[in-house]
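Dear colleague,

Please find below the structure that I am handing over to you. My notes on what was found in it follow directly after.

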Amino acid sequence: MRKPVIIGVGLTPVGEHWRLGLRDLAAEALLNAMEDAGVDKVDSLYVGNMASGSFIEQENLGALIADWAGLGNIPAVKVEAACASGGAAVQEGVKAVMTGLEDVVAVVGVEKMTDVWPSDATRYLAYAADAEWELFHGVSFVALNALIMRRYMKEYGYTEEDLALFAVNAHANGAKNPYAMFKKRIKVESVMKSPYVADPLKLFDASPIADGAAAVIITTEEKAKEFVDNAKMVEVAGMGRAIDTINLANREDLLILKAAKVAAERAYKMAGISVNDIDFFEVHDAFTIMAALSLESIGVAERGKGAMLAKEGQIAVDGNYPIQTLGGLKARGHPVGATGVYQTVEAVWQLRGEAPNQVANAEIGLTQNIGGTGSNITVNILRRV
Amino acid sequence: MGRPMQVSRYWRHFKEKYRLIGGKCKNCGHVHFPKRPVCPECGGKDIEDFQFSGKGKVVSWTIVRNPPSGYEYYKPYPIALVELEEGPVVLAQLTDVDPEEIDFGMEVEMVTRKVREFEEDGIILYGYKFRPPIK
Ligand SMILES: [Zn+2]
């Protein structure tokens, strides 16, 4: 297998892009990434997107975006794994390079969410749940996470204030990211004062609906030398992906993201590392509870101790386990199918040493992207070359 | 948005949704809801219908204040994970209950209620909800 290396990254700011449609956002991110990599053509394109059919009545994104970005008659497809679509698209691109089928691959994650009413957006996001046995009953995605959050607090004795610390950390870091949707610090009190969306989950426990696109260019280590200096190269050293029951009620254990555990173990093994070797963690904090469960499921914290890391201040950029170093989903924003690629771009910044909120001497980073209520999860390990 | 495609989409689940019938593995005896083609416990493929009693306890709950489109009329409403006395957990709305009284382990029983109405087509969807048992 050939060694896959990211040589270029590009992105749009996350936010409400009233003037830009999905194709504009995707093309902008893609062309920025190609420029960063110094390539003028690619062999193929993988698009991470969750719900363009619902949000903007547009499928066939491979053709749409490759055509709009002027990439010619290349193979181009959409990869869908709910909110983990971006992470999964990166993995498909990496696989194509590793197997030798394609030499220079582009991956773009994109979502256009603000062209519809909020209640419709709530509905489309719930399509990632089980339509017959969850959405049928009127459950929203927020509500499903609230069910987990309440159980988590009961089981381990945490308060709503404890979980709010994840949002506070995300905002502190997002304040330094020029591409973040929210560049403003918040306090625990701001989270506590925000209205309940689905008790005990409040508005500020949740990541915002947003538009955005992010892209990476992947090639082999050998080929990378034709385009960029070593300092710009970041290896995709390991990856794992796994599913769990799509219906939350069918889980053996509500408080473990088993798909994350399996995916992380695979990724660590492939990279030949242990969790202790990782310098920072971009986990999927679509909701504060998911940050806590993710840290436990990928082995950073023991069971029930994820929220303790936040209480002890260990998740800050200068802590032992920095997470959401550029704001995470909560502050950077969560354009669902694009999120996994945003995480990848941010990890590349950290490993190149050019992040606006730099983790000192970062050598290895992890990105974890969750689809559904933990039903489809990707974990990628990135390493400085 | 949210118009029903066809009545058959809802009709095909009437056993589960009106009567809480799930599956029981003939090989290992594992019961589950809804009925699956493959036993999650032993991988057996010989699954028969299994009638649940409809009695259970609340494992967790929330109040839906910002529902998906199509459910705005009913908001706010409580939704719970209910552990049935036979073991499986199901997600459903709670009904006939003061939200303040919902608690971990609260005993509930299944009732059939209207879950959703479609204005455009006049279709009314019924399904299971849970309520505190009438003493
Ligand atoms: Zn069985």
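Of the 135 residues in chain B, 35% are buried (20 or more other C-beta atoms within 10 Å of a residue's own; exposed means 12 or fewer, partly exposed in between, with C-beta atoms placed from the backbone). Please note that this is a predicted model, in which local features need pLDDT of at least 70 and side-chain atom pairs count only at pLDDT 80 or more, whereas totals for chains, interfaces and linings use all residues. Residues are numbered from 1 along each chain as its sequence is written, and chains are lettered from A and ligands numbered from 1 in the order in which they are written.

Chain B contains 2 helices and 8 strands (DSSP runs, numbered from the N terminus: H or I of at least four residues for helices, E of at least two for strands). Their order from the N terminus is α-α-β-β-β-β-β-β-β-β. Along the principal axes, the C-alpha atoms of chain B fill a box of roughly 45 × 40 × 25 Å. Of the contacts in chain B between residues at least 6 apart in sequence, 47% join residues at least 24 apart; two residues are in contact if their C-beta atoms, placed from the backbone, lie within 7 Å.

The contact between the chains takes 27 residues from chain A and 30 residues from chain B. On the side of chain B, strands S4 (55-64), S5 (77-84) and S6 (89-93) each supply at least two residues, and the largest share, 6 residues, comes from S4(B). This side of chain B divides into 19 nonpolar, 9 polar and 2 charged residues (nonpolar: Ala, Val, Leu, Ile, Met, Phe, Trp, Tyr, Cys and Pro; charged: Asp, Glu, Lys and Arg; polar: the others, Gly among them).

Helices of chain A

Helix H1 of chain A (residues 22-37) has 16 residues and reaches 23 Å from its first C-alpha to its last, close to the 22 Å expected (1.5 Å times one less than the number of residues). Its buried residues include Leu22(A), Leu25(A), Leu30(A) and Met34(A). The buried residues of H1(A) pack against strands S1 (4-11), S4 (105-111) and S7 (212-220) and helices H2 (52-56) and H3 (61-68) of chain A. Gly38(A), with a positive phi near 75°, follows H1(A).

The axes of H7 (residues 160-174) and H11 (residues 288-297) of chain A come within 8 Å and cross at roughly 90° (axes are lines fitted to C-alpha atoms, for helices over the stretch in contact, with angles from 0 to 180 degrees between N-to-C directions). H7(A) is therefore roughly perpendicular to H11(A) (65 to 115 degrees; under 35 is roughly parallel, over 145 roughly antiparallel, the rest oblique). Leu163(A), Ala164(A), Phe166(A) and Ala167(A) in H7(A) meet Thr288(A), Ile289(A), Ala291(A) and Ala292(A) in H11(A). The residues of this contact divide into 7 nonpolar, 1 polar and no charged.

Glu235 of chain A

Glu235(A) lies in strand S8 (residues 234-243) of chain A. Glu235(A) is partly exposed because 19 other C-beta atoms lie within 10 Å. Its C-alpha atom is separated by 5.9 Å from that of Pro4(A), 231 residues apart along the chain. Not counting residues up to four places away in sequence, Glu235(A) touches Lys3(A), Pro4(A), Val5(A), Leu382(A), Arg383(A) and Val385(A).

With kind regards
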